[in-house]
Amino acid sequence: MKSGYIYTIVFMFIVSAVFTFFLAGANEFLLPKIQENERLAERKSLLYVFNIDQNGTADEVFARFDANIKPATSGGIDLYTQVDAAGNVLGYAVPFSGAGLWGTIRGYLGVSADLQSVLGIVFTSQNETPGLGGRIEEPAYREQYRNLAIVAGQPLAYGEAGGGKLDAITGATQTSNAVLKILNTLLSETVSKLEVMPGG
Amino acid sequence: MAETVKSVISRNMWKDNQVLRQILGICSSLAVTNLMTNSLVMGIGLTFTTALSSLTLSAMRNLIPHRIRMIVQTLIIAAYVILVDIFLKAYVPDISKQLGPYVGLIITNCIIMGRAEAFAQKNPPFLSFLDGLFAGLGYTTVLLIISFIRELLGFGTLFGFNVNFIGFETWTIMVMPPAAFFIIGTLIWISSNLLAKSGKKKG
């Protein structure tokens with residue numbers, strides 16, 4: 001009986017159904033919380049790009065986000081703009097993605113409204129080596145991009161500190177170079193095509 | 001050979017430790033042990049999965065048709081791993097992000113299926129649960145020992161807290177997987193020696 005084909009098939013059906021039901025239930029129950037976490041993480045990333053305080057409770061973060069940042073379309077791409085109380089555009093957060101060493105690196109690059117400087121950078125997803133390439137997410141690396149001047153015809157580069165040069169991550173040359181390549185492509189192909197909005 | 005609660009514990013924690021004696025679960029031991037926090041969460045995830053899948057499989061052991069038992073094991077293990085993944089995403093999103101694909105890879109950890117095949121299919125539910133629980137705890141202990149050495153020397157921190165008081169230069173090699181390879185090798189060597197010695201004494 002126990003080794004019969006019918007028993008085997010019925011058994012497999014029942015076991016699959018029970019466990020699928022059980023997982024679907026858990027997923028359904030926790031999904032709102034997971035989506036809320038993801039939305040919060042995204043909001044915090046964008047606040048960071050524009051150098052706005054990203055601490056506080058979830059409600060405070062959402063309120064601050066809504067007061068300062070608006071989604072928009074410029075130059076044919078969807079991005080976020082930082083606006084002041086009067087509605088003037090202060091800067092853009094342009095999404096980017098590109099190949100890292102192991103996987104796709106995604107994030108936002110903040111540029112000022114006149115497109116003359118970088119406001120900040122944030123990486124929202126990356127699969128680089130933890131502790132090496134993964135350190136692009138750490139403040140020591142990303143803080144270097146704050147208020148970096150964008151000079152036409154002079155791509156971002158690593159070198160000795162000062163003079164607009166950045167520090168690469170020791171032991172993670174491939175990831176460091178991949179990030180610069182993504183950003184330089186973004187600056188030359190996307191950021192330069194943004195339409196500077198009135199009042200900017 | 002009838003197993004008692006005591007023998008299940010001592011076997012899994014030391015005599016037949018999954019990592020040191022059975023050389024199982026090596027992939028994750030190399031991958032997630034550069035930070036103690038990640039090792040701890042990985043250990044808890046694996047312990048939870050192994051204990052509950054052993055319990056479930058043992059409770060169902062007289063119903064599962066022998067020729068499809070491995071498919072059933074995989075299904076049940078996968079269900080628990082997905083559950084762990086969902087919980088981490090919902091309650092500790094930061095750690096979930098750091099562990100990334102490794103949580104999903106708990107499914108492929110040989111320890112879980114090894115316990116299911118070697119123990120849960122022949123033993124009653126409570127003992128199987130304990131067997132899974134302590135197999136997981138044995139694994140977690142080894143992971144924590146490895147990550148203690150790696151995080152201390154590689155970052156100068158423990159559980160993210162800076163303990164590098166004398167300001168020594170941190171070792172990049174400790175952050176990378178090869179370091180775990182050397183440390184595991186050394187631990188296996190030490191444990192084999194200790195076990196061989198205690199075996200001799202008993203005669």
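Student: Take chain B, contacts between residues at least 6 apart in sequence. What share of them join residues at least 24 apart?
Tutor: That share is 76% in chain B. Keep in mind that this is a predicted model.

Student: What would a compact globule of 203 residues have as its radius of gyration, and what does chain B have?
Tutor: A compact globule with 203 residues would come out near 17 Å. Chain B has 18 Å, so the two agree. Along its principal axes, the C-alpha trace of chain B spans about 60 × 50 × 25 Å.

Student: How much of chain B is buried?
Tutor: Of its 203 residues, 43% count as buried.

Student: How many helices and strands in chain B?
Tutor: Ten helices and two strands. The order along the sequence is α-α-α-α-α-α-α-α-β-β-α-α.

Student: Where is confidence lowest in chain B, and where is it highest?
Tutor: Lowest in helix 6 of chain B, residues 101–104, with a mean of 78. Highest in helix 8 of chain B, residues 125–155, at 93. Chain B as a whole has a mean pLDDT of 88, and 97% of its residues reach 70 or more.

Student: Back to helix 8 of chain B. At what angle does helix 7 of chain B cross it?
Tutor: Roughly 145°, and the axes come within 10 Å. The crossing of these two chain B helices is right-handed.

Student: Which residues meet there?
Tutor: From helix 7 of chain B, B:I111, B:R115, B:F119 and B:A120. From helix 8 of chain B, B:S128, B:D131, B:G132, B:A135 and B:Y139. By class, that contact has five nonpolar, two polar and two charged residues.

Student: New topic. How many residues of chain A are in contact with chain B?
Tutor: 23 residues of chain A, in contact with 21 residues of chain B. The chain A side has 13 nonpolar, eight polar and two charged residues.

Student: And what ipTM does the predictor give the complex?
Tutor: An ipTM of 0.75, with a pTM of 0.76.

Student: Last one, A:T129. Where is its place?
Tutor: In the loop between strand 5 (117–125) and helix 3 (139–142) of chain A.

Student: Why does A:T129 count as partly exposed?
Tutor: Because A:T129 has 19 C-beta neighbours inside 10 Å, and a residue needs 20 or more to be buried.

Student: What does A:T129 touch, leaving out residues up to four places away in sequence?
Tutor: A:G134 and A:A172.

Student: How far is A:T129 from A:L30?
Tutor: They are 99 residues apart in sequence and 29 Å apart in space, C-alpha to C-alpha.

Methods. Residues are numbered from 1 along each chain as its sequence is written. Chains are lettered from A and ligands numbered from 1 in the order in which they are written. This is a predicted model: local features need pLDDT of at least 70, side-chain atom pairs count only at pLDDT 80 or more; totals for chains, interfaces and linings use all residues. Two residues are in contact if their C-beta atoms, placed from the backbone, lie within 7 Å. Ala, Val, Leu, Ile, Met, Phe, Trp, Tyr, Cys and Pro count as nonpolar, Asp, Glu, Lys and Arg as charged, and the others, Gly among them, as polar. pLDDT is the predictor's confidence in each residue, from 0 to 100. Helices (H or I, at least four residues) and strands (E, at least two) are DSSP runs, numbered from the N terminus. The radius of gyration is taken over C-alpha atoms; the globule rule is 2.2 Å times the number of residues to the power 0.38. A residue is buried if 20 or more other C-beta atoms lie within 10 Å of its own, exposed if 12 or fewer, and partly exposed in between; C-beta atoms are placed from the backbone. Axes are lines fitted to C-alpha atoms, for helices over the stretch in contact, and angles run from 0 to 180 degrees between N-to-C directions. A crossing is left-handed if the near helix is turned anticlockwise from the far one by less than a right angle, and right-handed if clockwise.
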